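Have a look at the model first.

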Amino acid sequence: MEFTKHPAGTALGEAKTSFEMMQDIQDAAGKGTYAPFADREEWELAEWLISNANQRAIEDFLKLPITRNRTQPSYRSKYLFMKAIDQLPTGPEWSCELVRVRGDELIENDEVDEENVEELELWLRDPVACVKELIGNPAFQGNMAYAPEKVYADPEGQTRRFDEMWTGDWWWETQHCLPTGSTIAPVILASDKTELTRFRGDKTAWPVYLTIGNISKHVRRQPASHASVLLGYLPVSKLHSFEDNSVAGYRLFHYCMKKLLHPLVTAGNEGVEMACADGQIRRVFPIVAAYVGDHPEQCLIACCAENRCPKCLARANQRGENTQFQPRNQAQTAQVLHAQATGQYPPEFIAHGLRPIFSPFWSDLPYTDIFTCITSDILHQLLQGLLKDHLKKWCTDIAGKVDFDARFRAMPYFPGLRHWKQGISKVKQWTAGDHKQLQRVFVTALVGTTPHHDVIKAGSALIDFIHIAQYHSHTDDTILALQQALDDFHDRKDIFIELGCRGHFNIPKLHSLTHYVSTIKMFGSLDGLNTEHSERLHIDYAKKAYAKSNHKDYTIQMTKWLQRQEAVIWFNAFLDWR
């Protein structure tokens with residue numbers, strides 16, 4: 001193990017953690033451990049009610065004679081119950097900012113009075129306060145790092161290991177740009193639009209999530225650990241008042257993200273003193289390090305068209321090549337967008353496949369290269385993309401649907417392996433677990449379906465890549481094997497064109513594989529940066545919250561419900577600590 005010679009994570013003093021401060025408040029007031037609740041049983045009832053019942057059901061329950069006469073909780077009405085819940089410590093407060101749009105422009109003052117004006121709501125929290133909440137949470141003590149390190153898999157220190165974010169090169173390199181003793185909080189963002197209703201209605205939310213790379217990835221991946229917080233809800237609108245509502249939507253996204261992340265500009269430049277989970281005070285620099293999203297979201301962030309790569313300058317007809325193209329440059333891209341906005345019309349605007357987004361949210365973020373921040377996505381690029389949408393289809397065309405399904409049905413039952421009793425062609429809804437089960441037996445089913453050995457070798461190479469990319473820990477050797485698997489696939493992929501399964505390989509998700517090695521080296525293993533986690537967060541932070549509302553003016557109700565859920569989660573962690 002090797003630590004940077006540039007001192008990092010230096011403690012400036014000691015401070016009480018939030019749990020210790022809560023204990024002092026209770027002791028000073030002479031209250032019990034469960035205050036503002038009478039005892040453990042009353043608290044457990046309150047926790048169950050706030051987590052499982054809506055407000056009408058809570059009111060009805062508290063009015064039941066058996067509740068009033070036998071249970072006799074101190075909160076005898078919904079009002080008193082919510083008042084007690086609201087006394088619990090909670091996370092950063094929510095605020096709402098109105099974004100007024102007219103035609104093709106954003107309005108930043110209230111003096112304009114025109115008919116064709118649409119008011120949209122941007123719900124947001126202070127990202128610096130969210131970072132402070134996460135890095136200071138005593139529940140994460142023992143799973144927190146404050147400085148980068150280089151880890152080696154061998155005693156000689158020749159073979160690097162990459163797993164946690166602090167073992168990657170990004171943290172190591174960024175640390176040298178900051179004052180001696182500074183502590184980096186690598187901010188990991190994720191956003192994705194999601195449907196709030198399953199079968200009817202058009203209710204949609206666009207949540208933005210935040211976590212930090214200081215927390216071990218095995219903790220960040222667990223929804224029950226609550227190591228990710230909801231940072232905001234971006235406005236969702238069809239923008240009918242715009243002639244080109246797609247471009248207007250792109251600009252609206254960047255405008256709102258700039259407002260959402262604005263506090264990180266000063267904090268990232270100057271640092272903020274924060275009490276950390278170990279009770280030490282450090283000067284923390286919250287810096288956007290990674291942005292997790294699917295391909296459309298990545299292109300939206302990069303201000304480029306969806307037929308281009310959000311990380312490099314590969315042209316649309318070059319995406320099938322196994323080549324490292326010139327990476328996008330943030331400063332150059334910002335200059336090109338500015339030149340386009342001022343009517344200079346630089347040729348790079350078209351050559352780089354850019355969209356007319358003239359004020360990208362990332363232009364002012366310190367120490368951030370947004371194109372490096374865009375991470376590889378196992379769920380959408382590998383499992384749902386190349387495996388399900390492409391390789392499975394090509395091989396089914398070659399083997400024949402009936403024969404291929406028969407091979408999967410003929411596989412014997414074995415503990416830990418899914419038995420495909422109807423084959424794979426009739427599966428309508430695929431989950432991430434289904435994809436992972438498919439990759440384990442895919443090559444076995446493929447062998448013997450064709451006399452063309454290159455089909456087997458190409459399919460096996462791509463499955464190898466998908467499997468190795470999901471390792472929870474990488475070394476120089478596994479990264480070399482990952483690159484070799486990609487090279488082997490490209491050497492033999494033309495067999496699918498020769499057999500008529502594919503006309504070309506200009507596939508965005510195939511091209512994305514060329515960036516996996518560099519992403520792992522920069523940020524550690526990809527299981528800590530997977531959209532599978534953010535997709536799971538939609539259940540807790542969007543769908544459940546919407547279900548608890550009355551479905552009218554629901555966003556404000558969602559934020560209030562989520563704030564109370566955070567209070568309950570925090571208080572439970574405090575009780576476990578005490």
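Is Trp570 buried or exposed? With a relative accessibility of 10%, Trp570 counts as buried, where buried means under 20% relative accessible area, exposed over 50% and partly exposed in between (1.4 Å probe, protein chains only). Before going further, keep in mind that this is a predicted model, in which local features need pLDDT of at least 70, side-chain atom pairs count only at pLDDT 80 or more, and totals for chains, interfaces and linings use all residues. Residues are numbered from 1 along each chain as its sequence is written, and side-chain values use heavy atoms, with hydrogens and water left out.

**Ring pairs**

Searching the whole structure turns up 26 aromatic pairs. Here rings of Phe, Tyr and Trp (its six-membered ring) pair if their centres lie within 6.5 Å; planes under 30 degrees apart count as stacked, over 60 as edge-to-face and the rest as tilted. Two of them look like this:

| Pair | Type | Centre to centre | Angle between planes |
|---|---|---|---|
| Phe37 and Tyr75 | edge-to-face | 6.0 Å | 85° |
| Trp570 and Phe574 | stacked | 5.8 Å | 5° |

Helices (H or I, at least four residues) and strands (E, at least two) are DSSP runs, numbered from the N terminus. Phe37 is buried at 4% relative accessible area, and Tyr75 is buried too, at 1%.

Trp570 and Phe574 are about one helical turn apart, because they sit 4 residues from each other in helix H24 (residues 554–577). Phe574 is buried, at 0% relative accessible area. Both pairs belong to a cluster linked by ring pairs, whose members include Phe19, Trp43, Phe81, Phe571 and Trp577.

**Charges over rings**

Lys150 lies over the face of Trp172, 4.6 Å from the ring centre, and Lys493 does likewise over Phe505, at 5.8 Å. The test is NZ of Lys or CZ of Arg within 6 Å of the ring centre and within 35 degrees of the ring normal.

**Arg161**

Arg161 belongs to strand E7 (residues 160–162) and is partly exposed, at 27% relative accessible area. The C-alpha atoms of Arg161 and Asp476 are 6.7 Å apart, although 315 residues separate them along the chain. Leaving out residues up to four places away in sequence, Arg161 touches several residues, among them Tyr152, Thr167 and His474; contact means heavy atoms within 4.5 Å.
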